[in-house]
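Me: Can you walk me through this one? Keep it quick.

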Amino acid sequence: WVKRKGEQLHLITFGASTYSSDSRFSLEYQPPNDWQLHIKYANERDEGQFECQINSSPPLIFVVFLEVIGGYVRS
């Protein structure tokens, strides 16, 4: 998983490893092939575009836009 900020990509996870220094981010694997990104205590700073990038040929990218509204999370 990465978070996109304009043209920049910020790596959050790679495989089963979390690379973010923010301990609120975690990864959960749901068989057979679903990697779910979890954000504990999401807030407005977390808003934006997140991408799950799959190294295949051709590459696959699953895009999620997270919007936080008044304590409620909508994706």
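Me: Which residues make the nonpolar surface patch of about 360 Å²?
Reply: Leu11, Phe14 and Tyr19 make that patch. Patch residues have over 30% relative accessible area and no salt bridge, and nonpolar side chains (Val, Leu, Ile, Met, Phe, Trp, Tyr) are joined within 5 Å. A salt bridge puts a side-chain nitrogen of Lys or Arg within 4 Å of a carboxyl oxygen of Asp or Glu. Areas come from the Shrake-Rupley method with a 1.4 Å probe, and for residues only the protein chains shown count as cover.

Me: Before we go on, what sort of model is this?
Reply: It is a predicted model: local features need pLDDT of at least 70, side-chain atom pairs count only at pLDDT 80 or more, and totals for chains, interfaces and linings use all residues. Residues are numbered from 1 along each chain as its sequence is written, and side-chain values use heavy atoms, leaving out hydrogens and water.

Me: Where is tyrosine 19?
Reply: Tyrosine 19 lies in the loop between S4 and S5. Strands are DSSP runs (E, at least two residues), numbered from the N terminus.

Me: Where is arginine 24?
Reply: Arginine 24 is in the loop between strand S4 (17-18) and strand S5 (25-30).

Me: Buried or exposed?
Reply: Arginine 24 is buried, because its relative accessible area is 15%. Buried means under 20%, exposed over 50%, partly exposed in between (1.4 Å probe, protein chains only).

Me: And glycine 15, where is that?
Reply: Glycine 15 sits in the loop between strand S3 (13-14) and S4. Glycine 15 is partly exposed, because its relative accessibility is 47%.

Methods
Helix = DSSP H or I, 4+ residues; strand = E, 2+ residues; numbered from the N terminus. Patch = residues over 30% accessible without salt bridge, like charges linked within 9 Å, V, L, I, M, F, W, Y side chains within 5 Å.
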